[in-house]
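Q: Can you walk me through this one? Let's start with charged pairs, then go to helices and the surface.

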Amino acid sequence: MFDNEYIYISQKVRLMPNKSQINVLTDFFNKARFIHNLAVTYYNKKLEETGEMLKAPILQSLYLKNKPQYEFLKDVSPTLQNKIFANLSIAIGKRMANKEANKFLFFKKKKTILYESFYLGKSEFSLVEKPNKKHHYIYFKGLGSSIKIQDKLRFKEGIPLFVTFKKELNKYYASITYKVKKDDYLSSLKYKIENNEKAIGIDLGINQFITTSCGLSIGAERPLLKSEKRLKMLYRRLDKKEHPRFKGDTTKKSNAYLKLSFKIAKLHNRIKKIRNDHLNKVSSVLVRNFAAICMEDLSVKELQNSKSFAKNEQDIAFYNLQTKIAYKSKLANHKFILANKYFASSKVCVKCGHIKEDLTLFNRVYRCPNCGFEIDRDFNAACNLFKYMKKIIGWGTSKFKPFELDKLVKDCDKNNLNYYFQSLGNNQSEIKKDALLTQKLNHASI
Ligand SMILES: [Zn+2]
């Protein structure tokens, strides 16, 4: 069997440790943090004294040289240590690549830290089944007894390769990565992946989260908007609490400040989860129902340079969506095409090919000065992306028969997506006639 018939996939599960297990986990978190901070001390000191940025392997050899001084690090697993230096290597790499960035590394402070983690390799942990218990358990050396896993394990056929234990705020998790046979993975999916000729272009938007060339638009996640408003309000309140306001300000963060920071971190965490869940659902629905997908290529560079917080958040969501669709398409043997970012999908008239140079972001409707065609701006862009892809792969259709549309609608409903179908352009009149669609349009939430 070839190795490419396997995939690597992670599942994050909630842990339910008891008090003594929490103590063991805390001990591991503390050791991981200590090693990190020790390495940061070496790095920052050298940087301050000579301006030189030490690389991770050098930091690691310095650490190993000094390790005997620290009796309590005697039994620390080599994989746990290696992972810390691998992470530092990434952090240092980023600082080297970005000339304007602060070159110093950050310490992890025990008092303020809300997220902690440590990593164990294949031979250092095991997943345990107990007779007459429906939950699984996880065990590693140092624990008195194995920790109960709350969630169902998804990839029981797979080989567990490594695990990251995490503490997020006050909850404990394990992110377990498996090597799974691709076929086992595909058969573990709850919904069947369609192998049809359906293909779509996807336009990423401000008004709608995404608009597709089959007429389906998916809106942003609503609870998220509410949470984001609340977040802004909390930040305003936080700023009024006592805290240092500039570099070198010696004001201590007040207890009220720290308490509110914790609340904000919790909300951030919630938003992250809702967003990730939404992205997972959207990408799964799309990949399951379409054998080929085309999106515009998002520039990572622009992402990094973006200064507006809100804009950046949305761009990151789009970028993550793109990554998820690309990944899932590959698993399903579906096509995924990225359109060159100079391909002006929104400026081209989908009907006659005229390029409207003066189109601005405020034009929600595309009116073609050449042929007079009128169409929703995002829908036009999505259709252009579809055409772009069809030229490359040579097949595909965005048109749906009623029963196919019904299936897609049901899948969106099942996943609680906030969706609707575009008010249709003339080229989609055959769908317009469909009673189901009319019904959906009437119930459209937007
Ligand atoms: Zn035209």
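A: A salt bridge here is a side-chain nitrogen of Lys or Arg within 4 Å of a carboxyl oxygen of Asp or Glu. This is a predicted model: local features need pLDDT of at least 70, side-chain atom pairs count only at pLDDT 80 or more, and totals for chains, interfaces and linings use all residues. Residues are numbered from 1 along each chain as its sequence is written, and side-chain values use heavy atoms, with hydrogens and water left out.

Q: How many salt bridges are found in the whole structure?

A: The search gives 15. One of them joins lysine 74 to glutamate 71, with the closest N and O atoms 3.5 Å apart.

Q: Are lysine 74 and glutamate 71 buried or exposed?

A: Lysine 74 counts as exposed, at 55% relative accessibility. Glutamate 71 is exposed too, at 56%. The cut-offs: buried is under 20% relative accessible area, exposed is over 50%, and partly exposed is in between (1.4 Å probe, protein chains only).

Q: Which side chain does glutamate 228 meet in a salt bridge?

A: Arginine 275, at 2.8 Å from N to O. Glutamate 228 lies in helix H5 (residues 222-240) and arginine 275 in helix H6 (residues 255-289), so the pair ties together parts 47 residues apart in sequence. Helices are DSSP runs of H or I with at least four residues, strands are runs of E with at least two, and both are numbered from the N terminus.

Q: How covered is that pair?

A: Arginine 275 is buried, at 16% relative accessible area. Glutamate 228 counts as partly exposed, at 25%.

Q: What does aspartate 277 pair with?

A: Lysine 281, with the closest N and O atoms 3.2 Å apart. Both residues lie in H6, four residues apart, about one turn of the helix. An α-helix has 3.6 residues a turn, so residues three or four places apart point the same way. Aspartate 277 is partly exposed at 38%, and lysine 281 is partly exposed at 25%.

Q: What sits at the ends of H1?

A: Asparagine 18 caps the N-terminal end, with a side-chain oxygen 3.2 Å from the backbone nitrogen of serine 20. Glycine 51 follows H1, and its phi is positive, near 85°.

Q: And H9?

A: Helix H9 (residues 377-393) has 17 residues and reaches 25 Å from first C-alpha to last, close to the expected 24 Å. Aspartate 376 caps its N-terminal end: a side-chain oxygen lies 3.0 Å from the backbone nitrogen of aspartate 378. Glycine 394 follows H9, with a positive phi near 80°.

Q: How many residues of H9 are buried?

A: Twelve of the 17, and the helix is mostly covered. Among the buried ones are Phe379, Cys383, Phe386 and Ile393.

Q: What covers them?

A: The cover includes strand S8 (199-204), strand S11 (292-296) and strand S14 (374-376). Contact means heavy atoms within 4.5 Å.

Q: Last topic, the surface. Which residues form a nonpolar patch?

A: Ile206, Leu361 and Phe362, with about 410 Å² of accessible area together. Patch residues have over 30% relative accessible area and no salt bridge; like charges are joined within 9 Å, and nonpolar side chains (Val, Leu, Ile, Met, Phe, Trp, Tyr) within 5 Å. Areas come from the Shrake-Rupley method with a 1.4 Å probe; for residues, only the protein chains shown count as cover.

Q: Where is leucine 361?

A: In the loop between strand S12 (335-339) and strand S13 (365-367). Leucine 361 is exposed, at 54% relative accessible area.

Note on methods:
Polar contact = N/O pair within 3.5 Å; in protein donor to acceptor, adjacent residues only side chain to side chain. Expected span 1.5 Å × (residues − 1).
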